Every structure is written in C-alpha cells, then in structure tokens.
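Let's take a friendly walk through a protein model. Have a look at the sequence and the 3D view below, and keep them beside you as you read.

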Amino acid sequence: MKMIIKVALLGLAFLFANSSIASVKVPPKEMSEETKACVKCHTKDNPGIVQQWGRSKHYGANVGCYECHQADEGDVDAYVHDDKKVKKNISIIVSPKDCANCHEKAAHEMTTSRHATAGHIIDSLDNLLAEVVEGNRGMITEGFPNGNSAAAVNGCWQCHGSKVVVLEDGALDPATWPNTGIGRINPDGSEGTCSACHSRHQFSTEQARKPDNCGKCHLGPDHPQKEIYEESKHGIAFKAYEDEMNLDSAKWVVGVDYTAAPICATCHMGATRKQDSTHNVGERISWTNRPPVSVRPEVMDAKMGLESQNLKWDERRKNMQDVCSACHTEEYVDNFYIQYDSLIELYNEKYAKPGKALYAAAKPLLKTAKFSNKLDWTWFELWHHEGRRARMAASMMAPDYTHWHGTYDLAKHFYTKMVPELEKLIKEGKASKDKAKRKAAKDLQAKLDEVLASKDHQWYLGKK
C-alpha cells in the first residue's frame, strides 16, 4: 500500500511539475473502465507496453491507455478499436494536442519551437539528397502510389518527422508510420512529437533527460552534438558522476538538485534558480549554426514564423549565461563567449561568405541539376559538415572537433578541393564557344582573385 501511495504521489508531482498549474486537469481518482479493458487485452497480447506503463508516473496518476488514445468520432484518424469489447473511438497517434490536455505549458513550448518545425524539410538540400540522389521512388504504398524513397522514409523522416497519411479505412500508411520524428505532422493538424524524447510507454523523465536520448538525431558528420558533448569537460564529468545527477527529480534545478555536470537538457531546457524549465530548446541559443552562414536565431525564427522571433539573441544569451552561473564565474562565462564568437566570426568571414559568393559565381558554369557537379558536393560538405562541426564544437568546448574535425577539414577542402575545382571551371569556361560562359568564367576569375588576395587567404599565393 505504501508503494502504491508513493507512485501515485510521484505521478501527481510529475503532472504538476510539467504543466502550468492553471491548466492541470485533476487526475482521475481511479483507473477508467476503458483503460481497464485495454489493459486486459494488451497484457496478453503486448505485455511489454503494459509493464512499461505500469512503471510510469502516468500509472500512479490513473492516466491510462484510454485517457491518451481516446478520439472523437469526427477525428480523421479515429476508429473503433474493438467494437465487441471497448466500443470507443481511439487513435493510434497521441499528438502534442492530446498531451496538452494535461501538459498545456510544455506542449505549447514544444509546438512553438524549432523542434516542431523539423518536418518542414521537403524543399531542403538534405531532402533532395535522400529523395533523389541517394534514393528512388521504389517504395510504393497505398497512400503513395507514385512511391517514396526508402532512404528518406527510414532516414530523414525518422528524425525530422513526416506528414502522417491516414488511409480510407483509418489505417496509417506504412511510409509514414511508425514515425517518432520530432517534427511529425499529425493527422489532427498539430506539429511535433512528444514521444520523440519521452519514449512510450514509460515516459521516463530520467530517460528523456539523458544525452543518449538527444543522440537519436544529434550525431553524425553533419551535427555531431552528442560526440562533441562526450569530448567536452561537461561530458566527461557526466560520465564519471552520472549517479549523482538526480535525473528523476521533479523540479531538477541546476546548482540545487544536482551539481555534478550539465547535460543537454540542463543547458537548453532545465530549470535554474531564476528560470523555469522550458520545452522550447531555442530560448538560450545565441547563434544558429545550421545554415551556410551563421546568423542570430531570431533571423531564422522569423523565416519560420515562430513566436520566438521576438526573443533577441542577447536575451537568449543571458538565459544561457544564467545556466552557466550555477558553476562558473561571470568572468569565465564572458571569456568563453569571446572565444566562441571569435570562432563563428572566423568561419563566417574566412570560409562561409567567400565560399557562398564563389559558389554563386560558378553557377553559370555548372550543370543545372543539383549535386551533378563535383563542386556541389564540395561546397555542401564544407558548410553542412565541416563548418557545422567547427561551429557546434566551439559552442560546447570540444577542442578536437573544433580543430581536427572542423577547421582543419574546412581549410584542407577549401584549398585542395574547392579552389582547384573553381580553377578548372574557369579554364573550361574561357575556352568555351558560348559567350555567356566566357563572361561567367571571367567573373568567377575576378571573384576568386579577390578572395585569394584577401588577408585571410593571401598565404595561399605565397604572400605574407
């Protein structure tokens, strides 16, 4: 009995800690009959999910299968699950709109963050690679008679999310489900996926906070945040003192409930002595390092139409500095940001802006299909892989990723790949019978000469 009471109290603490008080529904006094019917069958058919739920704080608060999966008859993905036993409309997908019934504040923060817009990748170069260059239209399903690329379905869509297609019989098209991509576009029109981080059906706060959870998507050659974190002093401390992190704490305030190390959730989401926790992961970031040229986050937020476009970068930085202050002095934090800003300036001014201008000047000399030219790949990897690695690593104090995986590769490939490829295009363009190509080659030569004669690149010409 004491254990049951303890679990129930933990469940209530979880619900109140993760919702604004005004929006919290009072948990049921007992388990609903609908949920009891669900459990009876699923204990036999899918015992794993029942056991996971039984260990959850939802269970302790009498929040069960039906409370999350119930649907209205008019919902596009609603269906009668078992008309002989349950006789209720349910939906397979539990969307942020559903979670908002109890977790209104967290759901709003998540659905107005960049995470929720991650499914908007249809027109991106990444999507072109997976859909066309790497893949084909060989994955034919009922909802996609013209096919999809299996590379996109199994790769991009599983992190970014995709639009879930509901078939005429209410089933979900297999090209779009299963899918826990964080920017999933749900049948009810909402965007985002709470279960991308809060894995069903235990929805463990401890598991959601661990860096490995973020590493489902934030790793690899183009955004290796997990590997960068593991190299950093912060990551080393977490590895050594993980058992002192108090990861299942309901309030989890850095500097109060734990001091062993910061993790991803600490810096981007966690509560401090002055700030509440947040599910908008962009509120503390002062540079956006995903595009070819780093920009302030409000610039990208405005392009995406996000509410946070009104939150300026210097305010976001103050939010992050507040997190840092739990362990570091003001001088230490200020000096770190001087180092970080200097790396961003180096990347932007020496590689990104000149590289972008050179690539644009070379366009008239290239084949029109994207990624059909060697230069397409070289420039893409310069900013999308090596440039991101350097910038992201500097933001998290990982020296090896900043240098050897970042600026070293940037320099090596800028001078030994991009410049020679541009010189080859110039030579071929000058010899062309096409007047427009000869002019383009002349313009490209002028731009290349300008870049290489600059203070950042003149060493390449043997000048000091």
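## Domains

The centres of domain 2 and domain 3, taken over C-alpha atoms, are separated by 29 Å. These two belong to a division of the protein into domain 1 (37-200), domain 2 (205-327) and domain 3 (331-461); the bounds come from an automatic or database domain assignment. Where domains 2 and 3 meet, 22 residues of domain 2 are in contact with 26 residues of domain 3, contact meaning heavy atoms within 4.5 Å.

A word on the basis of these values: this is a predicted model, in which local features need pLDDT of at least 70 and side-chain atom pairs count only at pLDDT 80 or more, while totals for chains, interfaces and linings use all residues. Residues are numbered from 1 along each chain as its sequence is written, and side-chain values use heavy atoms, with hydrogens and water left out.

## The overall picture

The protein has 20 helices and four strands. Both are DSSP runs numbered from the N terminus: helices are H or I with at least four residues, and strands are E with at least two. Taken along the principal axes, the C-alpha atoms fill a box of roughly 80 × 60 × 35 Å.

Of the 464 residues, 44% count as buried. Buried means under 20% relative accessible area, while exposed means over 50% and partly exposed lies in between, using a 1.4 Å probe and protein chains only. Among contacts with a separation of 6 or more, 56% are between residues 24 or more positions apart.

## The largest nonpolar core

In soluble globular proteins, nonpolar side chains tend to be buried together. A nonpolar core is a set of buried Ala, Val, Leu, Ile, Met, Phe, Trp, Tyr and Cys residues joined through side-chain atoms within 4.5 Å. Which residues touch the most other members of the largest core? They are Leu358, Leu375, Phe414, Met418, Leu422 and Leu444, out of 41 residues in that core. Two or more residues come from each of helix H16 (313-324), helix H17 (330-362), helix H18 (374-395), helix H19 (399-430) and helix H20 (435-452). H17 gives the largest share, twelve residues. Domain 2 and domain 3 each supply at least three residues to this core.

Leaving aside neighbours within four places in sequence, Leu358 is in contact with Phe414, Met418, Leu422, Leu444, Lys447, Leu448 and Val451. Apart from this core lies another one of twelve residues, including Tyr229, Val254, Tyr258 and Ala260.

## Two helices side by side

The axes of H19 and H20 come within 8 Å and cross at roughly 150°. Axes here are lines fitted to C-alpha atoms, for helices over the stretch in contact, and angles run from 0 to 180 degrees between N-to-C directions. H19 and H20 are therefore roughly antiparallel to each other; angles over 145 degrees count as roughly antiparallel, under 35 as roughly parallel, 65 to 115 as roughly perpendicular and the rest as oblique.

Which residues meet here? On the H19 side, they include Phe414, Val419, Leu422 and Glu423, and on the H20 side, Lys437, Arg438, Ala441 and Leu444 are among them.

## Buried spots

Ser232 sits in the loop between helix H12 (225-231) and helix H13 (233-241). Is Ser232 buried or exposed? Ser232 counts as buried, because its relative accessibility is 2%. Beyond neighbours within four places in sequence, Ser232 is in contact with Met396 and Met397.

Gly161 is found in the loop between helix H9 (150-160) and helix H10 (205-209). Gly161 is also buried, with a relative accessible area of 2%. Leaving aside neighbours within four places in sequence, its contacts include Gly119, Cys156, Asn179 and Gly181.

Most residues other than glycine have a negative phi, and most peptide bonds are trans. Yet a cis peptide bond joins Trp177 and Pro178, with omega about 10°, and the bond from Arg200 to His201 is cis too, with omega near 5°. Pro178 lies in the loop between H9 and H10, and His201 is in the loop between H9 and H10 as well.

Phe203, in the loop between H9 and H10, has a positive phi of about 50° although it is not a glycine. Asn62 has a positive phi near 60° and lies in the loop between helix H4 (57-60) and helix H5 (65-69). Asn62 is buried, with a relative accessible area of 16%.
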